[in-house]
Amino acid sequence: MRWDRFFEDLEDQLDSEWEAERAALDTEAERLRLSRVALRERLVALARGSRGIALHTPDGGVHLGRLTRVGADWCALLGDAPAGAVIVPLWGVTEIAAPADALLASVRDANAGPALGQRMGFGFVLRDLVRRRIPVTLHLAGGRTLDGTIDRAGADHLDVALHEPGAPRRAENVTGYRIVPFTGVLAVRLASASDLG
């Protein structure tokens with residue numbers, strides 16, 4: 001009887017040690033998985049939810065809305081009806097505020113998303129705005145904004161014709177032109193959510 005209890009105790013100790021070792025391995029595997037998760041992958045997971053988030057930019061800007069699209073190096077938010085839409089390059093994001101459950105889900109469900117989204121860079125989405133002649137407000141590093149229409153989008157910069165918001169891009173309405181490096185753009189605001197395309 002005494003030997004039976006002794007062996008049961010040994011068995012229990014081995015089981016406990018095995019469970020502790022397995023828990024440590026699981027924890028280390030999770031740490032390793034998390035070390036490989038990119039911000040873009042978490043944004044893809046956040047876009048699958050329907051909760052609102054806030055994207056903060058270095059100029060102190062806060063863009064509120066529902067994350068709807070994620071490209072290779074940008075994301076798009078749809079705001080409430082009057083707020084329109086905003087396209088934010090990932091280099092223009094300093095922090096993201098979201099409900100706790102959405103943040104946890106974005107870690108758990110992080111993945112690269114569709115292959116097309118992985119290839120569509122910031123220049124691609126800007127060239128679409130050029131093609132459709134959509135008026136924009138560019139939020140620049142340093143806190144400045146430029147209102148106008150993007151005329152051209154190169155490999156790493158854009159040309160914008162400046163004009164009053166709501167005015168069509170016609171020669172008589174244009175007050176100036178600017179070349180802006182992509183890295184100087186923190187956000188591109190569109191007047192209407194339907195302009196996001």
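## Ala187 in strand β10

Ala187 lies in strand β10, which covers residues 185–190. The model is a predicted one. Ala187 has a relative accessible area of 0%, so this residue is buried.

Several residues from other parts of the sequence touch Ala187. Setting aside neighbours within four places in sequence, its contacts are His63, Val86, Ile87, Val88, Pro89, Thr137, Leu138 and His139. Val136 and Ala187 are 51 residues apart in sequence. Their C-alpha atoms are 9.9 Å apart in space.

## Thr57 in the β1–β2 loop

Thr57 sits in the loop between β1 (52–56) and β2.

Beyond its neighbours within four places in sequence, Thr57 contacts His63, Val88, Gly92, Thr94 and Leu186.

## Helix α2 and its surroundings

Helix α2 has these buried residues: Arg40, Leu43, Val44, Ala45, Leu46 and Ala47. What do they pack against? The partners are strands β2 (62–70), β3 (74–78) and β5 (95–97), together with helices α3 and α4 (115–119).

## The α2–α3 packing

Two packed helices are described by the angle between their axes and by the distance between those axes. Helix α2 spans residues 39–48 and helix α3 spans residues 100–108. They pack at an angle of about 125°, and their axes are 8 Å apart. That angle makes α2 oblique to α3. The crossing of α2 past α3 is right-handed.

On the α2 side, the contact is made by Arg42, Ala45 and Leu46. On the α3 side, Ala102, Leu103, Ala105, Ser106 and Val107 take part. By class, the residues of this α2–α3 contact are 6 nonpolar, 1 polar and 1 charged. Ala45 and Leu46 belong to the contact, and both are among the buried residues of α2.

## The chain as a whole

The protein chain holds 5 helices and 10 strands. It has 197 residues, and 38% of them are buried. Its accessible surface comes to about 11,600 Å². Carbon and sulfur atoms account for 56% of that surface.

How much of the contact pattern joins residues at least 24 apart? Among contacts between residues at least 6 apart in sequence, the share is 56%.

Technical notes: Residues are numbered from 1 along each chain as its sequence is written. This is a predicted model: local features need pLDDT of at least 70, side-chain atom pairs count only at pLDDT 80 or more; totals for chains, interfaces and linings use all residues. Side-chain values use heavy atoms; hydrogens and water are left out. Axes are lines fitted to C-alpha atoms, for helices over the stretch in contact, and angles run from 0 to 180 degrees between N-to-C directions. Helices (H or I, at least four residues) and strands (E, at least two) are DSSP runs, numbered from the N terminus. Angles under 35 degrees count as roughly parallel, over 145 as roughly antiparallel, 65 to 115 as roughly perpendicular and the rest as oblique. A crossing is left-handed if the near helix is turned anticlockwise from the far one by less than a right angle, and right-handed if clockwise. Contact means heavy atoms within 4.5 Å. Ala, Val, Leu, Ile, Met, Phe, Trp, Tyr, Cys and Pro count as nonpolar, Asp, Glu, Lys and Arg as charged, and the others, Gly among them, as polar. Buried means under 20% relative accessible area, exposed over 50%, partly exposed in between (1.4 Å probe, protein chains only). Accessible areas come from the Shrake-Rupley method with a 1.4 Å probe; for residues, only the protein chains shown count as cover.
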